[in-house]
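Hi,

Here is the structure I promised to pass on.

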Amino acid sequence: MIKQKLAIEGGKPVRTKPLPLEFPGVHHMDKLEIQAGLRLLKSRSPFRFYGVKLQNEVEKFEKEFARAVGSKYALAVGSGTGALHSALSALGVGPGQEVIVPAYQWISVVAAVVNLGAIPVLADIDDTFTLDPADVQKRITPKTRGIVLIHMSGAPGDAPAIQKLARKQGLFLLEDCAQCNGGSIRGKKVGTFGDIGIFSYQMNKNMTAGEGGGLVTNDLRLYRRAFACHDLGYARDDNGRLIYDDPDLCLWGRGYRMDELRAAVLRVQLKKLPRIIRNMQRSKYRIRKALAAFPQVKLRRIQDPKGDTSCFLITTYPDAATAQRVCRALRAEGIVTFPQGVSNVVMTDWGLHLYYNIVSLVNHNSIDGQGFPWKLAENAGLERNYAKGACPTADSLFERSILIPIPSCLTKKDEDDIILAFQKVLSTLL
Ligand SMILES: Cc1ncc(COP(=O)(O)O)c(C=O)c1O
């Protein structure tokens, strides 16, 4: 390969036009979503349970989503965070319990555990950038109630191994598929390995209505409990009537309902999801193939490339200084998105995805100012250290890895530019 002067050293950059923004579902929004939204607004019935001319969009979306994932029941809610709260409530999480969460995560996960009065316990990740089953095993105590496996940055974690471990230990498994909607492992969709799988339809996700969330389960009791918690506190029978005579289903609600307008848009996006994922996969695996020529660059370990939704590319370098140099040089070559996009970052700049950046967790903050949930009598002795150092493999991977979003609308020229920039930078700096 001919070495060219790097843009960071005054050479000509590979490209000057920013790459498209991430937001996989947004790039595929067109007249179909507009028509769905208009149809719904014309019906003047935006609430899921009754209306002037109820369209039952939420109910139809739930059925279609359950079918797409391969689950018996689906519940649409207002956000992925609402889905986490509803799922953990359905699973009976509360004070005196520990819930294992990964070091690489999103703040909403740990917030849902804390808001319910339980104690989050961090487990380390491995080169899949998701839970390391061996480390999870080490973090289990008599107080552990369950495990949250998060399929981070588009690719599934080792759900079969974590499922086996959870079953053996009598723990629940909640899969967070917010960043991996449509992902699978050897043909089995993420969200179906655990007791419950949650999803987000927020704008950064593989399909979107701007905001929104959902959960899936095969367990009728869990579905009804989640339903109760997301609504008024009461489950509904098959005729839609509230159930008042089952103490397990007469709970406390949070008002996390999905509205008809978003469900109408999501029904369209769900149909487009396979195409959105196909586009990202094609781009990502073309880039990964080109990077195989550089053995010093480690590519994220993927369980099953066919099931990788591919919205992010993660590359890992021998040390933190090299990762920083490569990232800066790639950015100078034009491998950046518009300013409001995620672009191309060393993972230490990936904000509230890293456990040690979640200040309220590290400092054991509480909403009531009285130390909830850390100081509850039930949680005595369960407090943990969440500062940097708690998960050494994650700490090292974050410092040495670069994360690049793979938009769902890259042209062949965009892909060529990314590959060329990598080739130029890596052949000079490594
Ligand atoms: C892994 C993960 N879980 C949960 C959520 C929460 O979803 P929402 O933003 O829809 O509340 C997100 C959203 O970014 C996420 O990335």
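**What I found**

Let me start with Met-207. Leaving out residues up to four places away in sequence, Met-207 touches Gly-25, Phe-61, Phe-65, Asn-181, Ser-200, Tyr-201, Gln-202, Leu-266, Gln-269, Leu-270 and Leu-273, where a contact means heavy atoms within 4.5 Å. Met-207 sits in the loop between β8 and β9, and with 0% relative accessibility it counts as buried. Here buried means under 20% relative accessible area, exposed means over 50%, and partly exposed is in between (1.4 Å probe, protein chains only). Leu-41 is 166 residues from Met-207 in sequence, and their C-alpha atoms are 21 Å apart in space.

Before going further, some housekeeping. This is a predicted model, in which local features need pLDDT of at least 70 and side-chain atom pairs count only at pLDDT 80 or more, while totals for chains, interfaces and linings use all residues. Residues are numbered from 1 along each chain as its sequence is written, and side-chain values use heavy atoms, with hydrogens and water left out.

Now the whole chain. The protein chain has 12 helices and 13 strands; these are DSSP runs numbered from the N terminus, with helices (H or I) of at least four residues and strands (E) of at least two. Its radius of gyration is 22 Å, close to the 22 Å that the globule rule gives for 430 residues, so the chain is as compact as a globular protein of that length. (That radius is taken over C-alpha atoms, and the rule is 2.2 Å times the number of residues to the power 0.38.) Along its principal axes, the C-alpha trace spans about 75 × 55 × 40 Å. Of the 430 residues, 58% are buried. Among contacts with a separation of 6 or more, 71% are between residues 24 or more positions apart.

Which helix is mostly covered? That is α3 (residues 80-90), with 10 of its 11 residues buried. Leu-84, His-85 and Leu-88 are among those buried residues, and the buried set packs against β1 (73-77), α4 (107-115), β5 (172-176), β8 (196-200), β9 (213-217) and α7 (220-230). Just after α3, Gly-92 takes a positive phi of about 80°.

Further along, Asp-124 lies in the loop between β3 (119-123) and α5 (133-139). Is Asp-124 buried or exposed? Asp-124 is buried, at a relative accessible area of 4%. Beyond the residues up to four places away in sequence, Asp-124 touches Leu-131, Asp-132, Asp-135, Arg-139, Cys-391, Pro-392, Thr-393 and Ala-394. Ala-394 is itself buried in helix α11 (residues 392-400), as are Asp-395, Leu-397 and Phe-398. The buried residues of α11 pack against β11 (312-316), β12 (345-346) and β13 (401-405).

Last, the rings. There are 16 aromatic pairs, counting rings of Phe, Tyr and Trp (its six-membered ring) with centres within 6.5 Å; planes under 30 degrees apart are stacked, over 60 edge-to-face, and the rest tilted. Phe-47 and Phe-49 make an edge-to-face pair, 5.8 Å centre to centre with 85° between the planes. Phe-47 is partly exposed at 27% relative accessibility, and Phe-49 is partly exposed at 23%. Ring pairs link Phe-47 and Phe-49 with Tyr-50, Tyr-73, Tyr-223 and Phe-227 into a cluster.

Cheers
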